[in-house]
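Dear colleague,

Please find the structure below, with its sequence.

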Amino acid sequence: MQTLNLKQLEAFCAVVERGSFTAAAEALYLAQSTVSGHILALEKDIGVPLLIRSGKRRISLTEEGRRVYDHAHTILQSCTELSRELEEQTSREVSLAASSIPMQYILPPLVSEFHAANPDFRFLLHSGDSASVHRAVLQGETHIGFVGAVMNSRELTYDCIAADPLVLVAPDKPRYRAMLDAGATGNALLGEPLIFREGGSGTQLAGQKFFTENGIDTAVLHIVARMDNSEAVLRGVACGLGCAVVSGLAAGATKELLSFPLVGKNNEREIYMIRARDRRPTRAARAFIDFLLDRKTQR
């Protein structure tokens, strides 16, 4: 079998999977005669017919053809995976996905610091809620994720890279300012109209945990709106729509609102870097991971 080659296997698999020489030729951007030539050469090299060609252009596999297809399919998959791995190992691009708080307040300075020491690296950043970031990492759509909630410790590793206190923010109005000056906590304002994040948000999950751990029944809270990003929540509070339990990092970045500490169990959440347990990181991703882990140990 010295003349057996990948082009022959690729043409053979394409014909089997698409059911015709014409469709296979279109998928491979080859002339139909070229595809036919590859199949004939493969059959000649192996020494047995692989396809049964009927008069109505129907194609089926011989017994030998089924065995060859199984092996050829595996070989082509392995070649594709090898090519992908080699490309990733030489690439200097790192793909990151993050929920809104780490995307807006944590990643920018970290990426900037890393890039200053590694100017040949490039970053591709995607944002979403915590649930969508988890999906992106699990499905291999991104190298590393950053979230504020643990959702799947069986398939993912979680490394804490930052802490984020929960606070209650209120509009800068005389009544709220007087309460803040008097030393009131955010717990005293939970009877006010409240704005919540949507269900897939790490901030909302952390807030719900705080309420549960401290015996606060959310069913009796006056929730006036739910919003799908932290900036919208902060703008809603600034406009006087209500108060909100938010990330301390987000609250600290705005001067328009009054920030009240929350007192009780689990009034702080951790921000995690997440990776798939069954997937080896690319060389570029590994460099950024090591940078974050080293930085954590130096704090």
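**Cavities, pocket and contacts**

Helix H5 is the main contributor to the lining of the second largest cavity, to which it gives three residues. Helices (H or I, at least four residues) and strands (E, at least two) are DSSP runs, numbered from the N terminus. Please note that this is a predicted model, in which local features need pLDDT of at least 70 and side-chain atom pairs count only at pLDDT 80 or more, while totals for chains, interfaces and linings use all residues. Residues are numbered from 1 along each chain as its sequence is written, and side-chain values use heavy atoms, with hydrogens and water left out.

Some terms are needed for the spaces. On a 1 Å grid over the protein atoms alone, a cavity is a set of points where a 1.4 Å probe fits but cannot get out, and a pocket is an open set with protein on both sides within 12 Å along at least five of seven lines; lining residues have an atom within 4 Å of a point. Grid points are joined across faces, edges and corners, and a volume is the space filled by probe spheres set on the points.

The second largest cavity holds about 50 Å³ of space. Helix H5 covers residues 100–117, and both H5 and H8 supply at least two residues of this lining. Among the lining residues are Ser-99, Asp-129, Arg-197, Thr-203 and Arg-269. Sorted by class, the lining has two nonpolar, six polar and three charged residues (nonpolar: Ala, Val, Leu, Ile, Met, Phe, Trp, Tyr, Cys and Pro; charged: Asp, Glu, Lys and Arg; polar: the others, Gly among them).

In the whole structure, the search finds three cavities of 30 Å³ or more. Of its 15 lining residues, Arg-197, Thr-203, Gln-204, Val-245 and Val-246 are the closest to its centre. Helix H8 provides the largest share of this lining, four residues. The classes here are nine nonpolar, five polar and one charged.

Turning to the open spaces, the second largest pocket contains about 220 Å³. Its lining includes Gly-148, Leu-205, Lys-209, Glu-268 and Tyr-272. Helix H8 (202–213) and strand S11 (268–276) are the elements that give two or more residues to it. Five nonpolar, three polar and four charged residues make up this lining.

How many disulfides does the structure hold? There are zero, a disulfide being a pair of cysteine sulfur atoms within 2.5 Å. For Cys-79, the nearest cysteine sulfur, that of Cys-13, is 11 Å away. Cys-79 is partly exposed at 32% relative accessible area, whereas Cys-160 is buried at 16% (buried means under 20% relative accessible area, exposed over 50%, partly exposed in between, with a 1.4 Å probe and protein chains only).

The structure also has twelve salt bridges, each being a side-chain nitrogen of Lys or Arg within 4 Å of a carboxyl oxygen of Asp or Glu. One of them joins Arg-275 and Asp-159, whose closest N and O atoms are 2.6 Å apart. Because Arg-275 lies in strand S11 and Asp-159 in strand S6 (residues 156–171), this pair ties together parts that are 116 residues apart in sequence. Both Arg-275 and Asp-159 are buried. Another salt bridge links Arg-154 with Glu-155 (3.6 Å, N to O); Arg-154 is exposed at 67%, and Glu-155 is partly exposed at 33%.

With kind regards
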